[in-house]
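I opened the model today to look up a few places in the chain. My notes follow in the order I made them.

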Amino acid sequence: MPIIRADDDTEFDVHMPFLIVGAGACGLVAALAAHEAGLDAAVLERDAVPRGSTAMSSGFIPAAGTRFQAEQGVEDSPEIMASDIQGKNGHEADPDVLAALTRESASVIEWLADIHGVAFSLVTGFLYPGHSRMRMHATPRRTGEELMGYLSAAAEAAAVPVMTRARAEDLYVTADGRIKGVGLTRPDGQREAIGCDALLLACNGFGGNPELVARYIPEMENAPYHGHDGNVGDAVEWGEAIGASLRDLGAYQGHGSLAVPQQTLIAWVVMLRGGIQINAEGRRFSNEHGGYSEQARVVLRQPGQTVWNVYDSRIHGALSEFQDYRDAEAAGAVRIFQTADEMAVALDLPINALKETLSEVSSLSDENATDRFGRAFGRKTKLHPPYYAIRVTGALFHTQGGLEIDPQGRVLRKDGSAFPNLYAAGGAARGVSGSGDSGYSAGNGLLSAVVMGAIAARTAARAVEGGGEG
């Protein structure tokens, strides 16, 4: 991405105190936080309608110590949440950044609910791998698209300027690293230069850039990408050009349950409630409770790079709470079979192998036993016919590495010092998932986007008001 050298005499078409690149959940929450703090902000969005990767997710945001948890009798704390996340990522996250995220998570969720009308409730009934408490907060339909609808409505109500069809391409930077403005291009080729006092990069990661994926995440080079096409690594390339510190670029969130050919996310509750995955040989091949992110590459190693999610009517009922699942069902993704023989014939699976697999799973459940992969089974989650099945593959959803930031959201140089007025959050910044795929805890992406987006905007507001650094 081009870097244009600027100084105090550089002229711009217009000036805004605070510019935000990207109008996903991160950018919109940051804009709302800036507005509340009295800082005039504008959001630059390359698409015609703000959606981002958030709209393609389930929209689950983890938070600790909320009133929504208290209403359900869930006792949680920022310290417990931080310990859970570090336990999953091998203690590879920046502890100070993680502490800031978990400490502010409850207040940000309640602020969005109380002030901006986001209809959050606590997701109950199961725990995602790595989480010791129920702490996922979501809107009624359990979709990121609905979450984006709430945030877009809130931004409109607050009269936050969101400039759509505005592709940010250039950064205007002084010799000492201060951001003076952004150059953008319209679809008709018209160019504009907007000056600013502070800049937040909320433009996500590089999952949509095959060259960067091949360089930093070679194991997912040929994997399906189920993220926003605009996630092409702008923040990473700008960071490289200005000497920012980049960390954990091999980190990502995958998902081992993307319906094909429908390209619809099937919530991992299918496994957490007792479902299994079976490959083309009629066999299970892993511990389905290990985590949906790392399951992506496991699924992609199977014959044909696709497998079947197999479950029953009890799990079907739980999945029906999710709009994505209802959409997949309406599109014909869900198959129902009265017997194993019927399923084997319809799905072209070896009958004997399939029967052996289902029999083994049934016995493990009856005995409350643990299988050879380390998965514990129990009687309460035993599968009963009729059997349901969905064909799925593994996919790359979004990257988790990026610009290194401090707990206030300020972008850091390689020597550890902060840039004067540059901030990053969400997928543009280094996340809290460690260095690979297995460190991803459910909700880490939106935790970094929503909570750090608010933190960074408030930091920027203090800095601009004080005329110095945050």
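**Entry 1: a loop proline.** I began with Pro 261, which sits in the loop between strand 12 and strand 13 (264-265). Helices (H or I, at least four residues) and strands (E, at least two) are DSSP runs, numbered from the N terminus. I noted that this is a predicted model, in which local features need pLDDT of at least 70 and side-chain atom pairs count only at pLDDT 80 or more, while totals for chains, interfaces and linings use all residues. I also noted that residues are numbered from 1 along each chain as its sequence is written, and that side-chain values use heavy atoms, with hydrogens and water left out.

The peptide bond from Val 260 to Pro 261 is cis, and its omega is near 5°. I found another cis peptide bond between Pro 385 and Pro 386, with omega about 5°. Pro 386 belongs to the loop between helix 13 (351-366) and strand 17.

**Entry 2: strand 17.** I went on to strand 17 (residues 387-399), where 12 of the 13 residues are buried. Buried means under 20% relative accessible area, exposed over 50%, and partly exposed in between (1.4 Å probe, protein chains only).

I then looked up its partners; two strands pair if DSSP finds at least two bridges between them. Strand 12 (residues 252-259) runs antiparallel to strand 17 and is joined to it by 6 bridges. In that pairing, Ala 259 has Val 392 as its bridge partner. Strand 15 (residues 306-312) is also antiparallel to strand 17, over 7 bridges, and Tyr 311 stands opposite Tyr 388. Strand 16 (residues 335-337) pairs with strand 17 in the antiparallel sense over 3 bridges, with Phe 337 opposite Tyr 387.

Is Ile 390 buried or exposed? I count Ile 390 as buried because its relative accessible area is 0%. This residue lies in strand 17. Its contacts (heavy atoms within 4.5 Å), leaving aside neighbours within four places in sequence, include Ala 259, Ile 266, Val 307 and Tyr 325. Ile 390 and Ile 266 are 124 residues apart along the chain, yet their C-alpha atoms are separated by 8.8 Å.

**Entry 3: helix 4.** Helix 4 (residues 95-116) has 22 residues and spans 30 Å from its first C-alpha to its last, close to the 32 Å expected at 1.5 Å a residue. The expected span is 1.5 Å times one less than the number of residues. I found a kink of about 45° centred on Ser 105; the bend at a residue is the angle between axes fitted to the seven residues ending there and the seven starting there.

At the start of helix 4, a side-chain oxygen of Asp 94 comes to within 2.8 Å of the backbone nitrogen of Asp 96. Just after the helix, Gly 117 has a positive phi of about 75°.

Entry 4: Why does Arg 430 count as buried? It does so because its relative accessibility is 9%. Arg 430 is in the loop between strand 20 (418-424) and helix 14. Its side chain makes a polar contact with the side chain of Asp 248, at 2.9 Å. A polar contact is a pair of N or O atoms within 3.5 Å; within protein, one must be able to donate a hydrogen and the other to accept it, and residues adjacent in sequence count only if both atoms are side-chain atoms.

Asp 248 lies in the loop between strand 11 (246-247) and strand 12. Asp 248 is buried as well, with a relative accessible area of 16%. I noted its positive phi of about 55°, although it is not a glycine.

**Entry 5: the cores.** The largest nonpolar core has 93 residues, and Phe 18, Leu 112, Leu 199 and Leu 201 touch the most other members. Helix 14 (residues 444-466) gives the most to this core, with 13 residues. A second, separate core of 51 residues includes Val 123, Val 269, Tyr 325 and Ala 333. A nonpolar core is a set of buried Ala, Val, Leu, Ile, Met, Phe, Trp, Tyr and Cys residues joined through side-chain atoms within 4.5 Å.
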